[in-house]
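Reader: Take one contact in this model and go through it closely for me. Then set it in the rest of the structure.

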Amino acid sequence: MNPQYASLLIALPLFSAFLVPLIKRAGKKVILPYLTLVTLIQTGIAAWAFKEVYTTGKPIIVLAGGFQPPVGINLYIGHFAALFVLIIAVVSFFMTVFSMKAIDVEPIDKYAMLFLLLMLGATGMIATGDIFNLFVFMEITAISAYALTGYNKTGEASEAAMKYIILGGIGSSFFLVGVALLYGSLGTLNLAQIAMLASKMNPTVAQAALALLVFGLAVEAELFPLNAWAPDAYQASPHPVTVMFSAFVVKAGLYAMVRIVYLFKDTPAFMGILNLILILGTLTVVIGELSALRQTNVKRMLAYSSIAQIGLIAVGFGVATPQAVDAAVFHMVNHAIVKALMFLAVGYVAITLGCPCIESFKGLGKKMPLTAFAITVGAISIVGIPLFNIFWSKFRLLLAALQVGKTGIVALILGASLVEAVYYFRLIHAMWFEESKDEKVEENLAFSIIMLLLVALIIVIGVYPEPVWNLVQKAATDLYNVANYIKNVPLLGVSP
Amino acid sequence: MVKRALAIIIILITGYWLANALAQVPFGADKMLVGKYYLENVKEQTGAVNAVTAVVVNYRGFDTLGEVTVLFIAATGVAALLWRKKRERTAKSEGSVVLQTGSRLLLPFIMLFGAYIFIHGHLTPGGGFPGGATIATAFLMLYLAFREYEIPHNVFEPLEGLAGMSYVIVGLIGLAIGGYFLFDWIWQTWQLGHANIGRLFSAGFIPIIYTLIGLKVGTELTGIVDNMVKEPKEGGQ
């Protein structure tokens, strides 16, 4: 098959989103099943691209319009992008199923469009090979995320969306100025060519441009101090959207940041920017964990926990040795699985019992045993108990930090796990050892299957981490082996 | 007070640091790495006399598709957030006679001008976005002039979706014929209009795409105006 068909990953969600106004005429009931169908096809295409990339070992380069980069725009679906595009599609598919029960606010057709475009934006951010195209996809992701955050139309949701829109706007302008600086001094927007020419750039300009890009992307990547919007948005947005935020939207932002920064690997500006990422990551972990400790709303607590985990991933990228990047990417995958499970389960509890506050969770083991079991597995995994998936990524991160002698990071990881243990075990205690007078609830079959699938994945990776670890190592190599990245993009012979 | 002073100091430091970096970007120096390529090959590869249009629709067509989507999301987002079961116009009075007559009289001409801008995108400055915005102003004037006026929603909404879909379809035809998404099959495979460079029927799929973008932007911006001008009805949720 022509590898150019991978452009369907972008074309399909777009086309389907534009089709929704016509689908609506067939009746409101059709919209959500239609959404499920589209994400299912998207999953199929993503699986094909994944298979293609991992069997041939070569990235798929999509040339838009048939123009060679840097004259045209290219997509770069390498090992990393193939893996994450698949994760995005699968999580979106699960969330369309969840939406059927979780979304009861009108207008559902607009929800479907925004949902598809959020998926499209994240896919594009991860797949693109052009820095301005990255900006366009970031805008697509961000603007659909603003609208989805406020979708419930409560005061709380509007406030969260407003916060998000202001911070996001500031972030976008930072990013744009950074791109302008890069273009002004290199005359190209193609990521591979930027990497090729990076050493010719004036170090002061490079540092300023990178710092601007990092701060611009820090809004989407939820790094302190630009993540003030995140807990509110996570709490107020519809439950399936929260899952998408945590499972892949934030990761797309983090990936974009790391990809751009790593392009400057061989320049003097690199070390300074790495330190910046390390500091931001560390602060994110500390503040995220300490804030999670005080929450009584479980969804908000998970939001803070998610932010803290993202901080850990950023710290891994900040260390920037191959081992640390491997570990960070591994943590990204594991976190996507676990947080998808947790937010799904908590959202399900919230729509069944009324609110995601800690009271709903008292005696959950009796009311909704399967959901309670899923949350328990997820919680134990996040804390980092052996035989569950996150143990391995935290452990690898620890080893990588030890290798370069950064004991501070070791202490950070251990400390974070300790704090996580406190608030997650509190939740587990509430679920299993506290009494509630509510009746047992019949659990939805579809959600139970999805939750059990994710639980199985957590345990399988926990017991046999090797296969996923191998995949992840390839994906991480794609990130830090910049020379290979340049070589893989068929650049046209325009050079200064 | 201390907080404000601190903020000002931080802004000054950041500003100084940015200005310092900006000063080292050679201003006006020839950084035509890709620009030169565009200028040298634009006529032959795309058939457009207006090189900017060729860059927007052909070379960086993927970005344009993205920008169209951004506007679509903005319109959808506004509609989603302002959605109420029943909404109505709340203007207190009709527009003056001058406004009413003027908006009626000018409506066809404004639309014609908007259409002119986007159809001639490959020849003259402008294109789908300004053309569509011009068309939307015609409807904005109607909203200002008449208290009861409302656009025909059952035409505008499907038209908006249809225009966007057609854009993607044009791209997909390129994928089927030329092997690349958004490939200009009319110019490069069929070689239509090669003798016509500088006239209306040239430049491959640029006029088609710009017409679609014009329709889309026009209907979208009008939709945003419609959403913002109406308020929830009393009692309706």
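Author: Start with two helices of chain A, α6(A) and α8(A). From α6(A), the contact takes A:Leu167, A:Gly168, A:Gly171, A:Ser172, A:Phe174, A:Phe175, A:Val177, A:Gly178, A:Leu181, A:Leu182 and A:Ser185. They meet A:Val205, A:Ala208, A:Ala209, A:Leu212, A:Leu213, A:Phe215, A:Gly216, A:Leu217, A:Ala218, A:Val219 and A:Glu220 in α8(A). By class, that is 15 nonpolar, six polar and one charged residues. Here Ala, Val, Leu, Ile, Met, Phe, Trp, Tyr, Cys and Pro count as nonpolar, Asp, Glu, Lys and Arg as charged, and the others, Gly among them, as polar. Two residues are in contact if their C-beta atoms, placed from the backbone, lie within 7 Å.

This is a predicted model: local features need pLDDT of at least 70, side-chain atom pairs count only at pLDDT 80 or more, and totals for chains, interfaces and linings use all residues. Residues are numbered from 1 along each chain as its sequence is written, while chains are lettered from A and ligands numbered from 1 in the order in which they are written.

Now the geometry. Helix α6 spans residues 155–186 of chain A, and helix α8 spans residues 203–220. Helices (H or I, at least four residues) and strands (E, at least two) are DSSP runs, numbered from the N terminus. The two axes lie 7 Å apart, at an angle of about 155°. Axes are lines fitted to C-alpha atoms, for helices over the stretch in contact, and angles run from 0 to 180 degrees between N-to-C directions. α6(A) and α8(A) are therefore roughly antiparallel. Angles under 35 degrees count as roughly parallel, over 145 as roughly antiparallel, 65 to 115 as roughly perpendicular and the rest as oblique. The crossing is left-handed. A crossing is left-handed if the near helix is turned anticlockwise from the far one by less than a right angle, and right-handed if clockwise.

α8(A) has another helix partner, α10(A), residues 239–263. Their axes come within 8 Å and cross at roughly 170°. That makes this pair roughly antiparallel too. From α8(A) come A:Leu210, A:Leu213, A:Val214, A:Leu217 and A:Glu220.

The peptide bond from A:Phe224 to A:Pro225 is cis, with omega near 5°. A cis bond also joins A:Glu106 and A:Pro107, with omega about -10°. A:Pro107 lies in the loop between α3 (79–102) and α4 of chain A.

Helix α4 (residues 108–127) packs on helix α2 (residues 31–56) of chain A at about 10°, with the axes 10 Å apart. α2(A) and α4(A) are therefore roughly parallel. Their crossing is right-handed. A:Ile31, A:Leu35 and A:Val38 in α2(A) meet A:Ile108, A:Asp109, A:Ala112, A:Phe115 and A:Leu116 in α4(A). Seven are nonpolar, none is polar and one is charged.

Next, the partner chain. 52 residues of chain A are in contact with 46 residues of chain B. Elements giving two or more residues to the chain A side include α4, α6 and α8 of chain A. The largest share, ten residues, comes from α5(A). That side divides into 33 nonpolar, 15 polar and four charged residues.

Last, the whole chains. Chain A has 21 helices and two strands. Its radius of gyration is 22 Å, close to the 23 Å that the globule rule gives for 496 residues, so chain A is as compact as a globular protein of that length. The radius is taken over C-alpha atoms, and the rule is 2.2 Å times the number of residues to the power 0.38. Chain B has nine helices and two strands. For chain B the radius is 23 Å, well over the 18 Å that the rule gives for 237 residues, so chain B is more spread out than a compact globule. Chain B averages a pLDDT (the predictor's confidence in each residue, from 0 to 100) of 86, and 97% of its residues score at least 70. The model scores ipTM 0.90 and pTM 0.93.
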